[in-house]
Every structure is written in structure tokens, then in C-alpha cells.
Amino acid sequence: MLFKLPFESSVLESVVLDLLRQRLPEYQRTELPLALPEAAVLMPLVDSPEPRVILTVRSNSMPTHAGEVAFPGGKRDPSDKNLLMTALRESEEEVGLNARYVDVLGQLSPLASRYGMKVTPFVGIVHPDAQLQAEPGEIDTIFQVPLKFFLEETPELSSPIDFFGRRFRIPSYYYEDKRIWGLTAFMILDLINHVYDAGIEFDVSHWPADREQ
């Protein structure tokens with residue numbers, strides 16, 4: 001188990017969202033010094049006795065990330081006044097999540113996708129009464145993963161790769177029949193490293209060569 005507190009598991013479930021609300025405002029964002037087209041995603045967590053992370057499987061007909069697990073989101077539209085509006089608009093379009101059911105707590109550092117997009121994640125708590133419906137042209141499946149799963153499971157990490165001038169180990173989680181990896185897993189790790197002290201290194205740009213195996 002990655003996340004350790006001096007509590008029973010039933011109590012742990014009741015405090016994970018409290019910790020998120022307390023610690024996310026302390027997050028120190030790192031800007032991405034790259035001139036790339038912008039996109040944004042929402043990292044939605046359902047406010048329930050056992051908090052759950054909402055994820056999607058993208059349609060196989062999509063031009064990028066086809067069939068992959070992703071958070072709801074997409075490219076910034078010229079009419080979006082900011083990236084938060086992008087994340088909320090795309091979430092409503094893709095999974096029917098109305099913004100009035102979302103309490104946005106903050107944002108994480110932007111990441112570069114392999115398709116050359118600068119993607120900014122926003123973290124939001126979703127009211128349990130929110131109704132979700134997949135847009136069939138974009139989303140194949142909506143599913144939910146207990147947040148506890150990511151706090152207890154150690155992701156599989158690839159060998160280091162060079163990416164936009166830095167070195168990363170690509171994380172993968174395996175939940176039921178789904179692989180959660182790449183940018184989506186990076187965002188999850190960034191969140192749990194900060195809020196829950198998971199301590200999983202994936203940006204290894206500073207590692208000496210003898211630590212890369």
C-alpha cells in the first residue's frame with residue numbers, strides 16, 4: 001500500500017477528499033516552456049463514501065488516442081475565455097457532466113502530449129447526483145475507479161525515454177480489463193504524489209545513468 005496513515009481503512013476513505021481539499025491549494029505548478037497548442041482535461045472525483053475517479057475510453061474512430069483511457073477534455077476553442085472553461089465544456093460534451101455539479105479545487109502542471117499538445121489538468125469534486133452520458137462519436141465507455149486503487153497499487157514503470165528534452169518513465173496501471181497509462185497516469189501520479197505523498201518518481205531527468213535500469 002502506497003498511502004499510509006495511522007487510521008483504519010474505513011476512516012481513510014472518509015479523509016482522502018478532505019486531504020485533497022486541504023493540500024491541493026498548496027500545489028506549486030511548474031510551467032511548460034514550450035509553444036504548443038493548448039488543451040485541458042478535468043480530473044473528476046465523485047464525492048462519495050468511497051471516492052471514485054471518473055475516466056473514459058475514447059472511441060476507436062478518434063484521430064488521436066483512439067481506444068485509450070483518458071480524462072474528459074480536449075482542445076481549447078477560440079471562444080473559451082480560459083482553460084478551465086475548456087475542461088468544463090469538453091466534459092459536458094463528452095460525458096454529459098454539467099459544470100454546476102463540479103467543485104473545481106485547482107489545477108496541476110501542464111504536460112506535453114505525444115501529439116504535440118500542451119495539456120492542463122483541472123481537479124474537481126463531482127456531486128454524486130451528477131448524471132453521465134457518453135457522446136458516442138467520441139467516447140466508447142465511461143467507467144469509475146476507486147481512488148483507493150491508485151493509493152494502494154504501484155504502477156508499472158517503463159525504462160526511461162527522452163521526451164521534449166526531459167527523461168520520463170511511463171507509468172501504467174491495470175484496472176480490470178483496462179490499461180491506464182501515459183498522460184492520464186502521469187496526471188494521477190502527480191496528484192497522489194503531492195496530496196498523498198506517494199513518492200513515485202516518473203520524471204527522471206536528474207537521474208545519473210546508473211539509476212536508469
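A salt bridge here is a side-chain nitrogen of Lys or Arg within 4 Å of a carboxyl oxygen of Asp or Glu, and the tour of this predicted model follows such pairs from one to the next.

Then select residues 1–11, where pLDDT stays under 50 and where the model has 17 contacts beyond four places in sequence.

Next, select Arg21 and Asp47, whose side chains meet in a salt bridge with N to O at 3.4 Å. Because Arg21 lies in helix H1 (residues 9–23) while Asp47 sits in the loop between strand E1 (38–46) and strand E2 (52–58), the pair ties together parts that are 26 residues apart in sequence. Arg21 counts as partly exposed, at 33% relative accessibility, and Asp47 also counts as partly exposed, at 33%.

Move on to Asp203 and Arg166, a salt bridge in which the closest N and O atoms are 2.2 Å apart. Asp203 belongs to the segment after helix H4 (182–196) and Arg166 to strand E11 (residues 166–168), so this pair ties together parts that are 37 residues apart in sequence. With a relative accessible area of 34%, Arg166 is partly exposed.

Now select Lys178 and Asp177, which form a salt bridge with the closest N and O atoms 3.0 Å apart. Lys178 is buried, with a relative accessible area of 18%, whereas Asp177 counts as exposed at 66% relative accessibility.

In total, the structure holds 13 salt bridges.

Key: Residues numbered from 1 in each chain as written. Predicted model: local features only at pLDDT ≥ 70, side-chain atom pairs only at ≥ 80, totals over all residues. Heavy atoms only, no water. pLDDT = per-residue confidence, 0-100. Contact = heavy atoms within 4.5 Å. Helix = DSSP H or I, 4+ residues; strand = E, 2+ residues; numbered from the N terminus. Buried < 20%, exposed > 50% of the residue type's maximum accessible area, 1.4 Å probe, protein only.
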